[in-house]
Amino acid sequence: MTYPYQVTDFAGYELAYKRSIEDPEGFWGDIAANFTWKRKWDKVLEWDFLRPEIKWFNGGKLNITENCLDRHLEHSGHLPAIIWESNNPEEHHRMLTYKELHFKVMQFANVLKNNGVKKGDRVCIYMGMIPELAIAVLACARIGAIHSVIFGGFSAQAIADRVHDARAEYIITSDGAYRGAKDIPLKSVIDDALVGDHTVKRVIVSTRTRTPVSMIKGRDVWWEDEIRKVETQGNPFCAAEEMDAEDVLFILYTSGSTGKPKGVVHTTAGYMVWTNYTFVNAFQYQPGMVHFCTADIGWITGHSYIVYGPLSAGGTTLMFEGIPTWPDAGRFWEIVEKYKVNILYTAPTAIRSLMGFGLDYLEGKDLSSLKVLGTVGEPINEEAWHWYNKHIGKEKCPIIDTWWQTETGGVLISNWAGVTPAKPTFATLPMPGVQPCLVDDQGNEIEGNGVTGNLCIKAPWPAIIRTTYGDHERCRQTYFSTYPGKYFTGDGCLRDEEGHYRITGRVDDVLNVSGHRIGTAEVENAINMHAGVIESAVVGYPHDIKGQGIYAFIIYSGTHGDIQLSKQDIVQTVSRIIGPIAKPDKIQFVPGLPKTRSGKIMRRILRKVAEGDFSNFGDTSTLLDPSLVEVIRDGRV
Ligand code: WTA
């Protein structure tokens with residue numbers, strides 16, 4: 001497979017960008033023509049950001065799995081689609097060619113059908129990083145079911161909220177998952193999530209860890225048994241459901257500034273075109289390259305750059321079950337050497353963590369296959385960038401700093417490997433079709449270079465969020481109402497003298513902890529569930545490895561005297577309600593929170609205390625009780 005729309009020099013990028021703005025319909029129409037359609041679209045783009053209503057390739061009919069699988073069979077059927085590396089370095093790896101993956105996806109799609117799953121049904125998937133996860137995702141897409149993947153680190157409560165919000169009647173999980181030295185009992189967490197639930201009709205369980213599980217009669221079935229049934233039925237084929245371009249492909253829950261996670265909805269055609277185009281151009285993927293994205297498929301990065309981007313491009317995608325530091329901090333480098341990885345795409349937090357282990361783990365590892373390095377999920381600091389460049393890329397591999405969000409579906413701002421210039425800590429330039437702008441708090445656009453502001457996007461790109469599941473008004477309010485007529489990202493941004501963009505971090509109450517998005521309100525809600533907690537306020541603070549840490553100020557009335565124990569109980573509560581990723585790093589008990597007379601918590605002050613910056617608390621005269629500031633400052637942990 002070649003990519004006629006792959007751009008390989010800067011002039012080509014400029015040309016593509018210019019055309020994408022002047023003639024978006026012509027530009028994207030030409031690119032979309034390279035895919036497999038059951039029916040061509042009537043109109044490339046219709047949009048109105050005020051409602052918001054956005055339609056790409058309306059009237060077109062297709063199935064994304066035909067683009068990710070069937071169309072590669074003739075020429076690349078024998079080539080590896082997925083290479084899977086176990087958590088356990090001793091366990092044999094698995095490799096699925098396009099032919100095999102196609103077969104398995106159809107097989108499992110038939111399993112879904114046998115179990116009553118129909119087009120438009122929501123299917124929650126809660127699994128570890130095994131090939132069956134990718135197969136489950138693609139099988140849903142094959143029959144037009146809407147997948148909602150839930151990251152394997154979320155707790156039963158968080159799963160229940162998501163299953164309920166999506167009104168999902170089907171769940172796919174595993175007995176357990178391996179993650180480093182841990183064995184996570186996924187099915188048992190699902191059982192907890194479904195206590196008292198009467199809407200889930202079927203739970204399909206694949207075996208991975210052989211952890212004992214309880215199978216509920218009439219509800220739970222084994223993946224392997226169901227496959228056997230399909231085999232005896234004797235028809236391995238499963239036609240790809242004809243989907244409208246704007247039919248929902250998936251829901252993915254993400255955190256915002258309110259307590260309740262939002263189901264971000266992506267649709268079929270635009271998402272496909274965007275993940276493919278950005279994969280081919282930002283990473284400069286060439287057929288035959290091995291692409292290793294270290295994210296989990298439970299996050300958008302895994303959806304777009306482990307599954308849909310690489311597979312729609314006929315590429316080879318490497319799926320890793322484990323974590324970077326187990327059994328030791330050389331795990332990534334071992335994998336790069338073993339599979340001659342060409343593209344490595346990871347998060348700054350992983351780089352910082354591995355950096356901390358020193359160079360010993362790189363000793364004797366052959367990284368010469370690497371051609372392109374990428375980062376995603378959070379701002380990268382200079383030190384980590386240079387370490388990545390020097391010790392991993394050996395100063396020969398371009399590093400792309402890809403800025404994007406769950407809501408954007410794929411990369412919006414990034415340099416293109418070896419094509420457009422890189423600049424440490426800068427995401428640099430927008431993708432074709434992306435019109436970034438900076439606005440001040442009043443919503444005025446800030447023109448010119450060498451300026452900072454809130455990052456907005458002025459027009460739709462094909463993979464923009466369409467709605468938040470079951471609550472369109474929430475989508476409008478969150479993204480399209482702050483600055484009417486623009487999509488608001490929630491990020492702060494600098495545009496330097498050369499017009500390059502640098503993302504400076506969230507300007508709302510969303511934290512980015514180890515590249516994971518967590519809403520402060522969500523953590524506060526979880527903390528407040530603890531019996532002894534009266535009120536809490538959560539802020540972020542700079543953390544050497546995680547990027548941001550979670551600092552909780554808590555008014556506590558607990559009766560049992562041991563402060564450390566009480567704090568542990570609170571941490572445990574958060575872990576139960578959301579999952580271990582949201583555990584506070586620091587907890588400070590306070591007699592009160594700095595509130596204004598109107599009752600609003602002055603978070604600015606709490607942030608300063610958490611950061612340990614006592615230099616200037618600013619104007620505190622509007623506080624109900626200004627003397628609290630000193631008490632809180634002195635109690636910093
Ligand atoms: C942050 C992850 C700086 C940003 C794909 C954004 C980044 C949030 C970068 C989205 C980057 C992502 N540089 N910050 N290259 N990439 N972010 O939805 O704050 O998990 O709004 O999507 O991560 O996180 P999400």
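## Largest cavity

Strand S9 (residues 177–179) contributes three residues to the lining of the largest cavity, the most of any element; strands (E, at least two residues) and helices (H or I, at least four) are DSSP runs numbered from the N terminus. This cavity has a volume of about 80 Å³, and a search of the whole structure finds three cavities of 30 Å³ or more. A cavity here is a set of points, on a 1 Å grid over the protein atoms alone, where a 1.4 Å probe fits but cannot get out, and lining residues have an atom within 4 Å of a point.

The lining of the largest cavity comprises 13 residues, of which Gly128, Gly152, Ala177, Arg179 and Asp296 lie nearest its centre. By class, seven of the lining residues are nonpolar, three polar and three charged, with Ala, Val, Leu, Ile, Met, Phe, Trp, Tyr, Cys and Pro counted as nonpolar, Asp, Glu, Lys and Arg as charged, and the others, Gly among them, as polar.

## Basis of the values

The model is predicted, so local features need pLDDT of at least 70 and side-chain atom pairs count only at pLDDT 80 or more, whereas totals for chains, interfaces and linings use all residues. Residues are numbered from 1 along each chain as its sequence is written, and side-chain values use heavy atoms, with hydrogens and water left out.

Leaving aside neighbours within four places in sequence, isoleucine 125 is in contact (heavy atoms within 4.5 Å) with residues including Leu133, Ala136, Val137, Cys140 and Ile172.

## Backbone features

Phenylalanine 57, placed in strand S2, has a positive phi of about 55 degrees although it is not a glycine, and at 0% relative accessibility this residue counts as buried, the cut-off being under 20% relative accessible area with a 1.4 Å probe and protein chains only. Threonine 428, likewise not a glycine, has a positive phi of about 70 degrees; this threonine is buried, with a relative accessible area of 0%.

A cis peptide bond joins arginine 51 and proline 52, with omega about -15 degrees, and proline 52 lies in the loop between strand S1 (43–48) and strand S2 (53–58).

Methods
1 Å grid on protein atoms, 1.4 Å probe; cavity = no way out; pocket = protein on both sides within 12 Å on 5 of 7 lines; lining within 4 Å. Points joined across faces, edges and corners; volume = space filled by probe spheres on them. Buried < 20%, exposed > 50% of the residue type's maximum accessible area, 1.4 Å probe, protein only.
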